[in-house]
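Happy to walk through this one with you. Let's take it as a few questions and answers.

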Amino acid sequence: MTKYEYLAKLEQLLSSLPEQERRDAMNYYEEYFVSAGPEKEAEAIRELGTPEEAARKILEGSDAVPPESGAPAYTAQPAAAAPRHGRIPTALWVVLGVVVGLVVLFGLLAALGGLVFARSTTASTEVVGSGSSIVLPQPTAPADPAAQSGSSSSTGETGAVTGTADNWQTSLGSNLRKLDLKVNNGDLALVLDPAATEFTLQVNGLDQSILRTRADDGGLNVQLGPQGNQQGHLFTATLTIPDTGVLQDLDVSLSSADLDLPDMTLDELEISLNAGDVQAGEISARSISLETNAGNIYAAACQADEVSLETNAGRIEAARVQPGRELEVSSNAGEITASLTGTASDYTLQAEVLAGSLTYDGTSYSSLAQQLRQGTGAVEIDVECAAGQIDLSFPG
């Protein structure tokens, strides 16, 4: 089990917690793995116990109801009523009060001394949520001299980073249904491998510390590349995906980056490009969204119930588009070219052309603030052309 699968499972088991408490707990465990480092990931999991054991510890400090259960989690049993005896003399109450006070005082002094001098690997910290507290183990990952030297060796553990500081690879997990990728200043290629059992990321020319990951609702958010206004492609990366159909939702955001996307079948695909180039193969999905600010997107084929093509000042070219229900096309000042399957009679066009140019089935429309509606087909095409160029054709 990788840390990403561990965190995803733990978040699922804590679904009954209030949002703030759950987020506090998840942030803590994510920081635990960061403190441990990639080389100590398996050791950190052993220290934390299974996700079920960790969830039990957390829920014991809250009033939440565990998933798949209708009863309160780990409800404390009410204390039995104390037996009634004779009236205690006032003098005895005074003596008891003094004794209890001394015990409390010595306890506080011992606790203070422990905070100052004790160095325990099983210390705990308290995360305060909304109305209750959760006690979690304190991260105590041992220092690793090899990690501090800027390189690591293969450990045989799933999820460990292997290679050197600038040329390395790591496993992201094996059962990721959702993947959210944010790539800055680099080149990323996605590869489908029927023999692969894990999502593996291989990077050249980028320090390991630049990688940021976060488990989210059964999926994984991955941020790769330096932030800011750096120019040029500083690294290359390859993400190998098991060709088993487990990945359903893919969301890719690119800034000054290039992306190579193979032929894929998904449920949802979203590509948002600021600047760079995207080369996509034949994509089949329920929903496909391609959006570019100033970059270029080329897609060999887009087949989906809903297809959206949107550009600000960039270019989108789709060699074959087969929308099952709806096609949305929008250009602010860019260019969109798409070849649609079937004939114009299969579609209903509704278009607004402000100061741009629309060519539809061989006829050009470029009048200022012109609105069009034609056809009675089952598939709707919604076009907004502000000042760019849109060309929708039916090659047959």
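Q: How many helices and strands are there in the chain?
A: This is a predicted model, where local features need pLDDT of at least 70, side-chain atom pairs count only at pLDDT 80 or more, and totals for chains, interfaces and linings use all residues. Residues are numbered from 1 along each chain as its sequence is written, and side-chain values use heavy atoms, leaving out hydrogens and water. Helices (H or I, at least four residues) and strands (E, at least two) are DSSP runs, numbered from the N terminus. The chain has six helices and 26 strands.

Q: Which residues touch the most other members of the largest nonpolar core?
A: Such a core is a set of buried (under 20% relative accessible area, 1.4 Å probe, protein chains only) Ala, Val, Leu, Ile, Met, Phe, Trp, Tyr and Cys residues joined through side-chain atoms within 4.5 Å. The largest one has 71 residues, and strand β18 (residues 296-311) gives it the largest share, six residues. Those that touch the most other members are L179, L250, L261 and Y360.

Q: Is helix α1 parallel or oblique to α4?
A: Contact means heavy atoms within 4.5 Å, and Y6, K9, L10 and L13 in α1 meet residues of α4 including P51 and L59. The axes, lines fitted to C-alpha atoms over the stretch in contact, with angles from 0 to 180 degrees between N-to-C directions, are 9 Å apart at about 40°. Angles under 35 degrees count as roughly parallel, over 145 as roughly antiparallel, 65 to 115 as roughly perpendicular and the rest as oblique. Therefore α1 is, relative to α4, oblique.

Notes
Buried means under 20% relative accessible area, exposed over 50%, partly exposed in between (1.4 Å probe, protein chains only).
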